[in-house]
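Here are my notes for your first look at this one. Have the model open as you read.

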2 protein chains.
Amino acid sequence: MSPTFLSPPSLDAASLNRYVKTYGASVLELDRSLAAAPAPPDLIDLTHGDTRAFTPPATAAADFHSALAENTEAYTAYRGSSSLRARIAPRLGDLLGRTVDPDRELIVTPGTQGGLFAVLSALVSSGDRVALPDPEYFMNERILAYLGAVVVRLPIEQDDKGLLSIGADNLAAARAARPRLLLLSHPNNPTGGVYESSTIQALADMAVDEDLIVVVDQLYCRLIYAGAQYTHLGALPGMIERTVTLVGPSKTESMSGYRVGVAVGPPPVVEAMERVVSLASLRAPGYCQQVLRHWAEDDAEWLTRRTAGHQALRDLMVERLRSISGVSVAPPAGSSYMFPLVGSPRWATNGPADDHEIAMAIKAAGVLVSPGYQFGPSGRGRFRINFSQDKKRLLSAAERITSALS
Amino acid sequence: MSPTFLSPPSLDAASLNRYVKTYGASVLELDRSLAAAPAPPDLIDLTHGDTRAFTPPATAAADFHSALAENTEAYTAYRGSSSLRARIAPRLGDLLGRTVDPDRELIVTPGTQGGLFAVLSALVSSGDRVALPDPEYFMNERILAYLGAVVVRLPIEQDDKGLLSIGADNLAAARAARPRLLLLSHPNNPTGGVYESSTIQALADMAVDEDLIVVVDQLYCRLIYAGAQYTHLGALPGMIERTVTLVGPSKTESMSGYRVGVAVGPPPVVEAMERVVSLASLRAPGYCQQVLRHWAEDDAEWLTRRTAGHQALRDLMVERLRSISGVSVAPPAGSSYMFPLVGSPRWATNGPADDHEIAMAIKAAGVLVSPGYQFGPSGRGRFRINFSQDKKRLLSAAERITSALS
């Protein structure tokens, strides 16, 4: 006899089925069909950065090796090593434009994803309304669905400099829906957009007026391109006491393989997050936590080089994608993502292009991209790429995408 | 204005408040008061093993360094590196007495704790009844409380060889409560007990008869002392298709600082677990996963030495604790835990001894132990120690405990 499995809670929640009508399948079914689709053996994966093209700073491995040799931090407080928190708090304060109490306002998390899960699990209950930009990082909506939250969509617009704004009407509509929490990535994943200062201020005003908690995922806040001005939402007046800011070394510094991130927020939220982290995996990996020892410390020159390297790839890729008939793309103002729109007649004969079919065609041509539906309704006809890649491979990917979409 | 925080879901669930009546405080308040209590500067921490006294096998660091140098596994499938799973599946099969399909039945988790959280989150919904031995690993009940499950207690008895059994009456009472799932650690944490084969068979019979899923945390299943026979619950007839077995290198091999574990179970459960892991932290740390490459591979000689080292400390500590008037302790048949009972008149004047006060007194004398209440109602008057320690420090701890309890 085969056992009757209990029903997983919320893992197939309604909001993940939001595309059944449009695409004939749920988000998870679409994901599975893309994963199962055949591909040439030399598939180029643009769904995440290549840590061999942009390697972690040398301090990471050195710090890890020291931690291993010392062997005193295998077990740490659930919120992370106390000495490490004391060491990085001032540096984080400089980065975020505020002070950070290492004992009460700071937690080391299992990657920035672990911080997201912890803060949302700590704060969101079933039925709570959460305002979420459209498009947004796909895992945000999945965590919210898991928790039974109701998503209030906040449509965003990206200009041709890659800057993001939210229309007054859209902001008013979101306010009217009375969310309890605002969750956003900044720079925005998947567009690489950086919010205009006026929009950040409008979001802060909404948060204060409506007594919202704000969770801002700033994983990419150190990778900002020339010409864009980045405003830290949590540093605006009235925001420190209601904002949880997530950062980490997984992207700009290519240190995703260590699974560490940090979150800064009000003490009661950090305490609740710590309890979630303790349940979910006890703590961020003890030895790996120590790779933060020299993370983002006096590395202005390194960061300038890394940013310039990505900016050159961005410009190259924007040019290549725009040369495909019917494809448009805004140059990202930060991060290593872009979110092109395919509007050519071939893909648009039956209304808006089907981004699942686009991703399937691009995969058949040898490139794995993230289909637009993952990021929200506005992803229709779009796909996300991560251009933190080896230049030759990225150019080769551009050729394959061109052939798939032409 | 200070914001009104949303209520954390279930983090203060009723079952964690179960000691308010007996102790005047919730479990979490008791934990906090022990953490805040003053201690001498050279506090000896027996709440976990000392990874410097029993160091990880040399292959761990070597495998990690290889993974870092190769730098191809920073991003893996959410269920873990595909090549790694293929490599370790046969070895896991040998350990667990069954076959393991690396693609469908195996997931690499962020520590064994990450596996526990994933499997329980995937299977347990609010209101589900879950059978749990008393005493049990304290995080099991905390995860169940977080998920809103109802605990059905299964009292266990430990004989003077450290073997565990469950009385027929207690088993019948648990069955009558109609649980949907059985969750247990084996060897048992905190007692170090190994279940008698007949009890394991009775649990299997109950699972098959009642169509239960079984989650068995076998983190310590490689550290079994002379004279004890260990039965893998998931290898009994009818159990493969309903059992999720958790193992990992965090304890016997002292590799907790890498945060990796593995779970073996039915494909639909593994798939649901993968989705929880992806939400909670994406994946076990990519580089760290690779420390499993040579884990438990042809290490019989190493394991014999390690087991003998722990068995000597066990015998020493049992003797020291038993020499304290009023203290009794069963010698663990596996693991590096023991769970002594303090029944001396000094602690028993007002009914059963108060294990919170005992832990506070032991801390004041310079040793941190885990108070009995954490592990269930049967923890009254007990404390847990982990004797995987440097011998000198352990002897010094024994002296301090003696002075605190005498």
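1. Start with the bend: α4(A) has a kink of about 35° at Ile88(A), shortly before the proline Pro90(A). The bend at a residue here is the angle between axes fitted to the seven residues ending there and the seven starting there. Helices (H or I, at least four residues) and strands (E, at least two) are DSSP runs, numbered from the N terminus. Keep in mind that this is a predicted model, where local features need pLDDT of at least 70, side-chain atom pairs count only at pLDDT 80 or more, and totals for chains, interfaces and linings use all residues. Residues are numbered from 1 along each chain as its sequence is written, while chains are lettered from A and ligands numbered from 1 in the order in which they are written.

2. How far apart are the end C-alpha atoms of helix α4 of chain A? They are 20 Å apart, which agrees with the 21 Å that the 15 residues (82-96) should span at 1.5 Å a residue; the expected span is 1.5 Å times one less than the number of residues. After α4(A) comes Gly97(A), with a positive phi near 75°.

3. The buried residues of α4(A) are Leu84(A), Arg85(A), Ile88(A), Leu92(A) and Leu96(A). Buried means 20 or more other C-beta atoms within 10 Å of a residue's own, exposed means 12 or fewer, and partly exposed is in between, with C-beta atoms placed from the backbone. An α-helix has 3.6 residues a turn, so residues three or four places apart point the same way. Among the elements covering those buried residues of α4(A) are β2 (106-109) and β10 (243-247) of chain A.

4. Is Ser323(A) buried or exposed? Ser323(A) is exposed, because 11 other C-beta atoms lie within 10 Å. You'll find Ser323(A) in the loop between α11 (300-322) and β12 (327-328) of chain A.

5. Now the domains: the assignment for chain A gives domain 1 (14-54 + 301-405) and domain 2 (72-292), with bounds from an automatic or database domain assignment. In chain A, 29 residues of domain 1 are in contact with 35 residues of domain 2, contact meaning C-beta atoms, placed from the backbone, within 7 Å. On the domain 1 side, α11(A) gives the most, with 6 residues.

6. Last, the two chains: their contact takes 55 residues from chain A and 55 residues from chain B. On the chain A side, α9(A) gives the most, with 7 residues.
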